[in-house]
Amino acid sequence: MCREAPVVHFFSLQNAAWIALTQSYYIEMKPFRQIYFFLLILISVIVSCTDENFSIGGNLIDEDLRVVYIDTCTVRMSTVPIDSLITSGTGMVLTGRYSDTLTGSTTGTAFLTYTVPGSLAPPESAPLIFDSIELVLALNGEWTGDTTTVHDFNIYSLEEVVQSPEDEDFYNTNSIKHSTGPIAVLSLKPKPETKDTIAVRLPDYLGNDLFDKIITDDQEILSTQDRFSAYFKGLAFGPGEINNCILGFNLSDTSMALKIYYHYVSDSRVEDHLFISPLDTRSFYGTKTDRSTTMFRDLNKKEIPSKLSNDISFTQSLTATFIKFEVPYLNNLLEAGKVVSVTDAKLKIKPLKGTYSKINPLPPSLSMYILDKNDVTMGYLVTSSGENLQTGDLIVDDVLDFETYYTYNVTEYINDQLGALEIDKKNMTIVLPQDRISKCLNTLVVGDSPKEKSIELQISYIVYDEN
């Protein structure tokens with residue numbers, strides 16, 4: 001009913017009633033048990049298939065009722081870019097690089113500014129002596145890429161003062177100019193699930209000068225945040241040449257922080273340290289994506305229908321990309337009879353095999369939203385309680401990988417769109433939940449080729465035909 005030659009199964013309630021009536025003729029029961037037996041048979045027959053329509057008692061009933069199930073509705077897909085994502089004020093940063101042949105190469109770079117350090121009073125009997133300075137980092141458990149090999153991360157000096165935008169938010173499309181060459185390199189074989197703390201030593205000249213301003217309480221530098229930021233603009237933290245892994249790091253008082261070690265000598269040598277914390281409101285991460293060698297090379301300019309990308313579409317967090325679903329022939333259901341009512345509709349989405357792994361894990365959840373003709377969000381699909389967004393209920397087949405899929409109850413959407421005119425038609429889209437979309441690089445790739453269909457729309461509906 002949803003395309004030219006759908007496969008349908010008809011269930012005739014009249015058949016069920018006729019069989020139940022004839023059965024009750026041969027069974028002697030009390031009235032209550034007769035009714036109970038009638039209902040049992042009626043229900044059992046309803047769920048069985050039949051290819052013909054019958055009516056009870058010839059002309060005794062004026063309507064013929066059928067229950068129909070179809071799973072061959074045409075669902076069109078396309079890949080759509082979003083403008084940008086907020087990446088400041090998230091309590092974390094992402095950095096690194098990840099590449100694959102389908103979706104291209106994405107690079108993340110963290111841009112870090114720092115709070116004004118507190119004063120440090122030296123003991124009267126001995127001067128404070130600088131020892132070293134480190135950038136201290138703590139993994140937050142987010143990653144995409146191979147964590148079994150060593151990856152290089154470069155640290156640069158910022159060459160521009162980071163100014164807060166008018167709306168006070170930084171986006172993944174923002175970037176800050178930094179030094180051409182790195183001032184330090186971190187070679188790391190990450191263990192993101194352990195959330196290790198890592199330290200990389202920075203040049204002594206950087207720490208020595210900072211430490212001198214602190215112990216002398218230089219008010220020309222330390223009196224305001226703007227003055228300090230003009231003196232020490234901050235750091236950029238991005239992938240080196242050998243890198244195919246994007247990692248998440250906490251942004252806190254002690255992560256992505258500068259740690260200065262110092263000592264003094266009194267009766268004995270006393271060693272200590274101080275932290276200079278990142279300024280959360282002016283620290284963020286930017287991304288750049290290169291798809292020039294992929295089927296999605298023009299994605300930054302326009303929507304790409306799956307028929308123009310080898311029957312493939314994808315949704316990807318951080319790069320602000322999502323899949324749009326359209327059901328073009330939904331109104332063909334109305335041709336089935338006088339009155340059509342959808343009782344249940346489910347959208348089943350299977351990831352394309354070979355596009356996900358431990359290196360590139362599937363998104364654990366994906367929210368479904370409703371778009372108007374201009375791709376503006378009009379609403380979202382909620383659970384049966386009406387309180388939470390549907391997230392797909394991901395089922396993972398760890399053994400044979402035949403039945404790994406997301407499912408969504410789209411009954412309300414289908415009923416809303418059944419009979420809608422072209423100007424009122426709406427589409428569906430899946431994206432990572434808002435609290436996750438800018439915090440990882442999870443990707444879902446789906447296929448639309450005749451050999452491997454990733455999308456299946458299952459609809460059950462009742463048809464009333466007047467005689």
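This is a predicted model: local features need pLDDT of at least 70, side-chain atom pairs count only at pLDDT 80 or more; totals for chains, interfaces and linings use all residues.
Residues are numbered from 1 along each chain as its sequence is written, and side-chain values use heavy atoms, with hydrogens and water left out.

**View 1. A salt bridge between Asp131 and Arg269.** Let us start with a charged pair. A salt bridge here is a side-chain nitrogen of Lys or Arg within 4 Å of a carboxyl oxygen of Asp or Glu. In this one, the closest N and O atoms of Asp131 and Arg269 are 3.8 Å apart. The pair links distant parts of the chain, with Asp131 in strand β6 (residues 129-145) and Arg269 in strand β13 (residues 269-276), 138 residues apart. Strands (E, at least two residues) and helices (H or I, at least four) are DSSP runs, numbered from the N terminus. Asp131 is partly exposed at 25% relative accessibility, and Arg269 is partly exposed at 47%; buried means under 20% relative accessible area, exposed over 50%, and partly exposed in between, using a 1.4 Å probe and protein chains only. A network of salt bridges links Asp131, Arg269 and Glu271. Across the whole structure, the search finds 15 salt bridges.

**View 2. Lys324 and its salt bridges with Glu303 and Asp375.** Look for Lys324, which is buried at 10% relative accessibility. The side chain of Lys324 meets that of Glu303 at 2.9 Å, N to O. Lys324 sits in strand β17 (residues 321-326) and Glu303 in the loop between β14 (284-290) and β15 (304-305), 21 residues apart. Glu303 is partly exposed, with a relative accessible area of 30%. Lys324 also forms a salt bridge with Asp375 (3.1 Å, N to O). Asp375 lies in the loop between β19 (367-371) and β20 (377-380), so this pair ties together parts that are 51 residues apart in sequence. Asp375 counts as partly exposed at 25% relative accessibility.

**View 3. Phe322 in strand β17.** Phe322 is buried, at 7% relative accessibility. Which separation lies between the C-alpha atoms of Phe322 and Val80? They are separated by 5.4 Å, although the two residues are 242 residues apart along the chain.

**View 4. Helix α3, residues 204-215.** The end C-alpha atoms of the twelve-residue helix α3 are 16 Å apart, which agrees with the 16 Å it should span at 1.5 Å a residue; the expected span is 1.5 Å times one less than the number of residues. Buried in α3 are Leu206, Gly207, Leu210, Phe211, Lys213 and Ile214. Seen down the axis, these buried residues fall within an arc of 160 degrees, so they line one face of α3. The arc is that of the directions from the helix axis to the C-beta atoms.
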